[in-house]
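Here are a few notes to keep beside you as you look around this structure. Take them in any order you like.

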Number of protein chains: 2
Amino acid sequence: MEPTDPGDPGALKPGRGRRRAQDVRRATLAAAAELLLTEGVHALTFSKVAARAGVSKMTLYKWWPSPGALAFDAYFDAFEETLAFPDTGDVRADLTTQLHAFIDLLNRNGPVISGIVGAAQGDPDLAEALSTHYVTQRRRLAVERLAVARRAGQIREGVDLETLVDQLWGAAYHRLLMPAQPLTTEFADRLIAHLFLGIAPDPADGAG
Amino acid sequence: MEPTDPGDPGALKPGRGRRRAQDVRRATLAAAAELLLTEGVHALTFSKVAARAGVSKMTLYKWWPSPGALAFDAYFDAFEETLAFPDTGDVRADLTTQLHAFIDLLNRNGPVISGIVGAAQGDPDLAEALSTHYVTQRRRLAVERLAVARRAGQIREGVDLETLVDQLWGAAYHRLLMPAQPLTTEFADRLIAHLFLGIAPDPADGAG
């Protein structure tokens with residue numbers, strides 16, 4: 001969603017030599033993401049982002065309710081393309097592609113990501129910002145792709161798509177946040193196989 | 001596992017008026033669990049636990065490598081009975097019973113539990129203690145129950161039991177730590193149904 005800034009109409013008028021709102025937003029998100037990924041969520045302040053992006057601190061105060069909200073918008077934005085859901089028409093293949101990219105991302109940025117989730121525990125404002133500006137947005141994109149598959153008859157009726165999100169991406173976050181077993185692409189393949197094949201014995205085996 | 005304390009043989013000799021090692025361990029774990037659940041993981045120090053349990057601080061130093069290790073042993077011990085795996089011979093029913101108890105526990109102690117996991121992020125010593133003294137122990141118990149079911153033909157060969165742990169308990173932790181959707185017993189039922197029934201369309205529907 002494009003932020004609007006009715007209190008600062010000058011920002012929307014390039015004719016006055018001011019940057020367009022969209023450019024300001026892009027520069028801000030890029031600066032915030034860079035700060036987040038290099039120094040962690042606690043280092044991210046409006047002052048630092050404003051200085052790095054060449055944007056007035058007042059603009060950030062107007063557009064984002066808190067540094068946490070800005071951090072998670074920036075985090076979402078930074079990885080939106082990497083985590084995009086392909087739609088080749090084969091949901092199992094597409095989930096495999098996306099989950100491999102997701103696990104690769106978790107492995108490349110493990111300490112930053114676990115630091116973000118960790119910081120949100122016990123900090124209600126940061127938790128609310130994480131939920132609103134990141135978790136809810138990512139879940140929505142996943143559920144949209146899964147809903148296409150269900151409509152196409154590749155996922156049966158009666159499956160709860162929100163629950164599937166926890167059994168795929170949530171299972172991977174579990175290995176990141178409470179580590180004990182490796183977080184690999186083979187793990188992603190097993191997550192998907194268990195759900196598509198089911199774990200009950202094949203009736204043809206006569207074991208059920 | 002019972003701790004041994006070869007450096008302090010007196011602790012093992014009730015004839016000398018000292019408490020038996022097992023009693024000392026029980027009193028220590030109970031005091032540590034109470035402190036953990038009322039004041040959080042950061043409040044737990046060897047001094048506080050020793051004072052509360054009436055145990056010498058030196059004993060705690062000998063038995064536990066860190067306050068975190070003691071905290072997570074105590075946490076494991078406090079809920080071992082609540083989280084026990086029934087074995088009625090029907091794994092799906094038994095998983096339902098256990099997961100309902102687990103989700104009830106997460107809901108009753110949400111802030112403490114998310115505080116523990118949060119504190120472990122970005123603190124390598126606490127993370128190691130959590131992994132060794134809690135996560136690995138709980139996973140082992142889950143895998144043992146699932147292995148019984150697989151041997152009994154209630155879970156098909158080829159299912160990776162460690163991955164199942166992430167798709168059941170890990171999925172629930174995901175809703176606790178990155179909240180966006182409710183953590184209910186109906187959610188537990190759906191986790192189990194997705195895995196046992198699979199999410200692919202029923203071939204009889206002709207939709208596949």
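1. Phi of Gly122(A) is positive, near 80 degrees. Please keep in mind here and below that this is a predicted model.

2. Now step back into the helix that precedes Gly122(A). Helix H6 of chain A runs over residues 110-120, and nine of its 11 residues are buried, so the helix is largely enclosed by the rest of the structure. The buried residues of H6(A) are Gly110(A), Val112(A), Ile113(A), Ser114(A), Ile116(A), Val117(A), Gly118(A), Ala119(A) and Ala120(A).

3. Gln121(B) sits in the loop between helix H6 (110-120) and helix H7 (124-151) of chain B. Its relative accessible area is 14%, which is under the 20% cut-off, so Gln121(B) counts as buried. Which residues does Gln121(B) touch, once its neighbours within four places in sequence are left aside? They are Ser114(A), Gly118(A), Leu176(A) and Leu177(A). Along the sequence, Gln121(B) and Phe102(B) are 19 residues apart, while their C-alpha atoms are 22 Å apart in space.

4. With a relative accessibility of 1%, Ile103(A) is buried. Thr185(A) lies 82 residues from Ile103(A) in sequence, yet the C-alpha to C-alpha distance is 6.7 Å. Beyond neighbours within four places in sequence, the contacts of Ile103(A) are Ala172(A), Leu183(A), Thr184(A), Thr185(A), Phe187(A) and Ala188(A).

5. Phe187(A) also takes part in a contact between the chains, where H9(A) meets H8(B). The axes of helix H9 (residues 185-197) of chain A and H8(B) come within 10 Å and cross at roughly 70 degrees. The two helices are therefore roughly perpendicular to each other. Phe187(A), Arg190(A), Leu191(A), His194(A) and Leu195(A) of H9(A) meet Thr163(B), Leu164(B), Asp166(B) and Gln167(B) of H8(B). By type, these residues are four nonpolar, three polar and two charged.

6. From H1(B), the contact draws on Ala27(B), Thr28(B), Ala31(B), Ala32(B), Glu34(B), Leu35(B) and Glu39(B), and from H2(B) on Lys48(B), Val49(B), Arg52(B) and Ala53(B). Six of these residues are nonpolar, one is polar and four are charged.

7. Finally, the aromatic rings: how many aromatic pairs does the structure hold over all chains? There are 14. One of them joins Trp63(B) and Trp64(B), edge-to-face, at 6.0 Å centre to centre and with 70 degrees between the planes. Both Trp63(B) and Trp64(B) are buried. In the pair of Phe102(B) and Tyr173(B), the centres are 5.3 Å apart and the planes stand at 70 degrees, so this pair is edge-to-face. It links distant parts of the chain, with Phe102(B) in helix H5 (residues 91-108) and Tyr173(B) in helix H8 (residues 161-177) of chain B, 71 residues apart. Phe102(B) and Tyr173(B) are buried. In chain A, ring pairs link Tyr75(A), Phe76(A), Phe79(A) and Tyr134(A) into a cluster.

Technical notes: Residues are numbered from 1 along each chain as its sequence is written. Chains are lettered from A and ligands numbered from 1 in the order in which they are written. This is a predicted model: local features need pLDDT of at least 70, side-chain atom pairs count only at pLDDT 80 or more; totals for chains, interfaces and linings use all residues. Side-chain values use heavy atoms; hydrogens and water are left out. Rings of Phe, Tyr and Trp (its six-membered ring) pair if their centres lie within 6.5 Å; planes under 30 degrees apart count as stacked, over 60 as edge-to-face and the rest as tilted. Buried means under 20% relative accessible area, exposed over 50%, partly exposed in between (1.4 Å probe, protein chains only). Helices (H or I, at least four residues) and strands (E, at least two) are DSSP runs, numbered from the N terminus. Contact means heavy atoms within 4.5 Å. Ala, Val, Leu, Ile, Met, Phe, Trp, Tyr, Cys and Pro count as nonpolar, Asp, Glu, Lys and Arg as charged, and the others, Gly among them, as polar. Axes are lines fitted to C-alpha atoms, for helices over the stretch in contact, and angles run from 0 to 180 degrees between N-to-C directions. Angles under 35 degrees count as roughly parallel, over 145 as roughly antiparallel, 65 to 115 as roughly perpendicular and the rest as oblique.
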